[in-house]
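Thanks for coming, everyone. Please look at the screen for a moment before I start.

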Amino acid sequence: MAHTPRTPFIAIGSTLVALTIACRPAFILTAVFGIILLWPQIRTRDILSTRSRHAILSTIAAILPFLIIGCAMMAYNTARFDDPFDFGAAYNLTGCDLTQRHVSLKARLYSVLLLLFLTPIGFTREFPYTMDVFSLDEANPWGFLFRNRNIIPEQFAGGLVALSPICLLALPAAIRYFIRLRRSQNSRTTQCGAIGLTFLVLAVLIACIDGPFGVNARYLCDMTWLMLIGTMCLLFVWNTDARENGRRWLTVVIVALLIVGIGLQLLWLMTPGRSESWNVSNPALYDWLRRLFTF
């Protein structure tokens, strides 16, 4: 009982997570992490059970905020959009009429792939050496990625894997985890890997929800943190086994990919055409870097 979270804290945490449905509905999926964080208490029936008065109160504190906020949002959606599950995303003021736009299944899948894997980084010979890969310029070599494919492209420097190459190891790390799962005797690494897989699944689910509305940096931010944390959890399991066997090559690869990723993210911040690019938000710094790296 000493390690069981206090009921008021559970209620506050549940309320804060539930409120995400009012601003970023897709993020409500991250509520699954509450189950992961509280799993020791759930397993001992100190929460989400009727074992004791404290367990009952904790269960109510964990569930009630989701019911209240969820029902309130559904009532609001019904009153405004005649649909309890319509959060109004199609009514955003954008460059096209989303209420009349039909997105085929093929276009939906392609948008998800662009967000996660397919979109490369458009490198140029001039500072900052990157470009908007969805530029409407006919000379853009990556224009074929979005032309006549029924997707909504915005300023984009590259997909998740292109800007965070450490995620290239997510799939092999996940496959390795599944292969060695039965042999593992370390419950901590097993749990870490399971958490990592959960993060990756949530990242893909959010990509499927966001993709039909466009391929842009905003939606990329929705899933990047999930993909990175999931990848690092799985790599922790892999690297732990490798170091126990005297192999350190994976550590070197991880550090190298992280350094490359940081560099690519800095270039992304400076890419012209991107919202709040440094040439607009901090022109003095941008000009100093341009003079520093222009030969």
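Start with Asp 287 and Arg 291: they are 4 residues apart in helix α12, so about one helical turn separates them. Helices here are DSSP runs (H or I, at least four residues), and strands are E runs of at least two, numbered from the N terminus. Before going on, a caution: this is a predicted model, where local features need pLDDT of at least 70, side-chain atom pairs count only at pLDDT 80 or more, and totals for chains, interfaces and linings use all residues. Residues are numbered from 1 along each chain as its sequence is written, and side-chain values use heavy atoms, with hydrogens and water left out.

The side chains of Asp 287 and Arg 291 form a salt bridge, 3.1 Å from N to O. A salt bridge means a side-chain nitrogen of Lys or Arg within 4 Å of a carboxyl oxygen of Asp or Glu. Why can such pairs form? Side chains of opposite charge can pair when their charged atoms come close.

Asp 287 also meets Arg 290, at 2.4 Å, N to O. These two are 3 residues apart in helix α12 (residues 283–293), so again about one helical turn lies between them. Arg 290 is partly exposed, because its relative accessible area is 33%. Partly exposed sits between buried (under 20% relative accessible area) and exposed (over 50%), using a 1.4 Å probe and protein chains only. Shared partners join Asp 287, Arg 290 and Arg 291 into one network.

How many salt bridges does the rule give? The count is 4. One of them pairs Arg 176 with Asp 241, at 3.3 Å, N to O. That pair links distant parts of the chain: Arg 176 is in helix α7 (residues 170–180) and Asp 241 in helix α9, 65 residues apart. Arg 176 counts as buried, because its relative accessibility is 14%.

**Now the rings**

There are 6 aromatic pairs. Rings of Phe, Tyr and Trp (its six-membered ring) pair if their centres lie within 6.5 Å; planes under 30 degrees apart are stacked, over 60 edge-to-face, and the rest tilted. Phe 27 and Trp 225 make a tilted pair, 5.9 Å centre to centre, with 55° between the planes. Phe 27 lies in the loop between α1 (7–18) and α2 (32–37), and Trp 225 in helix α9, so the pair ties together parts 198 residues apart in sequence. Is Phe 27 buried or exposed? Phe 27 counts as buried, because its relative accessibility is 19%. Trp 225, at 32%, counts as partly exposed.
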